[in-house]
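Visitor: I am new to protein models. Could you walk me through reading one?
Guide: Gladly. Here is the model to look at.

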Amino acid sequence: MQQSLAKRAGRQAFGAARRCPAALRSRPAATSRGACQPVRASLTVKDASSGVEYLLAQKFWQGEPYRCLGAATRSKTILFVNVKVYSITAYVEADRAAKELGVRQRGGFFESDNDYASALVDGAFNKVIQLHLVRDVTGEQFTEAINKSLLPRMQLAGDTASLDKFNDYFNSKNLINNTEVILLWSLSGDLEVLVTPPVTAPQEYGTATPELRISSAALGRGLFEIFLGDSPVVPEAKTEWIKGAKQLLDSENVKRATRKA
């Protein structure tokens, strides 16, 4: 009898595992200095290229609950070899973003995918870019790569002083493999930055404390535009984030139809 019950339980567990999609399978997570607590059983979004996973529903130190829009990998050619540098994802405050996307849709705003990208940049909600390093880089290498696209935007905005603060902070860092960089652009216009110790599993950042805060709407906008603008640094990330925005909009339309019913 005990053997029969054990076999039945094993078959049920195996069936449940098969029904759970690989990209959204529950994962345990280790703790880190930047995380508020271990994440025990949460759905994750997997970057197919790098294998890095992110929490589908996330909490940061500021704002309402966030939702992951998708993930992709930044690669660079070094001596004719394609090398993966970091995985990247974006989060938005789920309810606020979904409602605003719904308003824009009803106003006839969305005519192309770029309109969704613009809505993510301009939307009145907190948003986050999260990078997970998949190789060691120096802080100088990190800022040098970003400044190629970011510096012209900051010069046009007349706010290179804020970029200098951003660069000074990262130039002192050593971004080793599995380090995470979190860039939170708040509704107030501040850019809040956290660099974590290496982590090997998804973390929740609800009680983390940012290490740097720069009051510059131009800097926050510039960082998001280099990934969501006309010439994105990681084109695959822009594609994934637009898909994520459309999924948020679909969920809002379902909620709206249900309320009417």
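**Reading the model step by step**

Guide: Start with burial. The protein has 261 residues, and 46% of them count as buried. Keep in mind that this is a predicted model.

Visitor: How many helices and strands are there in the protein?
Guide: The protein contains seven helices and 11 strands.

Visitor: What pLDDT does the protein average?
Guide: The average pLDDT is 87. A score of at least 70 is reached by 83% of the residues. Now look at residues 1-39, where the pLDDT is below 50. In the model this stretch has 57 contacts beyond near neighbours in sequence.

Visitor: What share of the contacts joins residues at least 24 apart?
Guide: Take the contacts between residues at least 6 apart in sequence. Of these, 65% join residues at least 24 apart.

Visitor: Now helix pairs. At what angle do helix 4 and helix 5 pack?
Guide: Compare the directions of the two axes. Helix 4 covers residues 139-157 and helix 5 covers residues 160-171. Their angle is about 175°, and their axes lie 10 Å apart. An angle over 145 degrees counts as roughly antiparallel. Helix 4 and helix 5 are therefore roughly antiparallel to each other.

Visitor: Which residues of helix 4 and helix 5 meet?
Guide: On the helix 4 side they include Phe 142, Thr 143, Asn 147, Leu 150, Leu 151 and Met 154. On the helix 5 side they include Thr 160, Leu 163, Phe 166, Asn 167 and Phe 170. By class, the contact of helix 4 with helix 5 has seven nonpolar residues, eight polar ones and one charged one.

Visitor: Let me zoom in on one residue. Is Asn 167 buried or exposed?
Guide: Asn 167 sits in helix 5. Its relative accessibility is 11%, so Asn 167 counts as buried. The cut-off for buried is under 20%. Setting aside residues up to four places away in sequence, Asn 167 touches Thr 143 and Asn 147.

Visitor: And where is Thr 160 found?
Guide: Thr 160 is also part of helix 5. Thr 160 has a relative accessible area of 33%, so it is partly exposed. Leaving out neighbours within four places in sequence, Thr 160 is in contact with Leu 151, Met 154 and Gln 155.

Visitor: How far apart are the C-alpha atoms of Thr 160 and Leu 219?
Guide: Thr 160 and Leu 219 are 59 residues apart along the chain. Their C-alpha atoms are separated by 8.9 Å. Leu 219 is among the buried residues of helix 6.

Visitor: What does helix 6 reach from its first C-alpha to its last?
Guide: Helix 6 runs over residues 217-228, with 12 residues. Its reach is 16 Å, close to the 16 Å expected at 1.5 Å a residue. Its buried residues include Leu 223, Phe 224, Ile 226 and Phe 227.

Visitor: What follows helix 6?
Guide: Ser 231 lies in the loop between helix 6 and helix 7. At 64% relative accessibility, Ser 231 counts as exposed. Ser 231 and Ser 149 are 82 residues apart along the chain, yet their C-alpha atoms are separated by 9.2 Å.

Visitor: At what angle do the axes of helix 2 and helix 7 cross?
Guide: Helix 2 covers residues 94-106, and helix 7 covers residues 235-260. Their axes come within 8 Å and cross at roughly 80°. That makes helix 2 roughly perpendicular to helix 7. Their contact divides into seven nonpolar, three polar and six charged residues.

Visitor: What about helix 3 and helix 7?
Guide: Helix 3 spans residues 113-122. The axes of helix 3 and helix 7 come within 9 Å and cross at roughly 80°. Helix 3 and helix 7 are therefore roughly perpendicular to each other. Among the residues in this contact are Tyr 116 and Leu 120 of helix 3, and Trp 241 and Ile 242 of helix 7. By class, the contact of helix 3 with helix 7 has seven nonpolar, one polar and three charged residues.

Visitor: Last one: backbone angles. What is phi of Asn 178 near?
Guide: Most residues other than glycine have a negative phi. Phi of Asn 178 is near 80°, a positive value. Asn 178 is found in the loop between strand 8 and strand 9. At 21% relative accessibility, Asn 178 counts as partly exposed.

Methods: Residues numbered from 1 in each chain as written. Predicted model: local features only at pLDDT ≥ 70, side-chain atom pairs only at ≥ 80, totals over all residues. Heavy atoms only, no water. pLDDT = per-residue confidence, 0-100. Contact = heavy atoms within 4.5 Å. Axes fitted to C-alpha atoms, helices over the stretch in contact; angles between N-to-C directions. Helix = DSSP H or I, 4+ residues; strand = E, 2+ residues; numbered from the N terminus. Parallel < 35°, antiparallel > 145°, perpendicular 65-115°, else oblique. Nonpolar A, V, L, I, M, F, W, Y, C, P; charged D, E, K, R; others polar. Expected span 1.5 Å × (residues − 1). Buried < 20%, exposed > 50% of the residue type's maximum accessible area, 1.4 Å probe, protein only.
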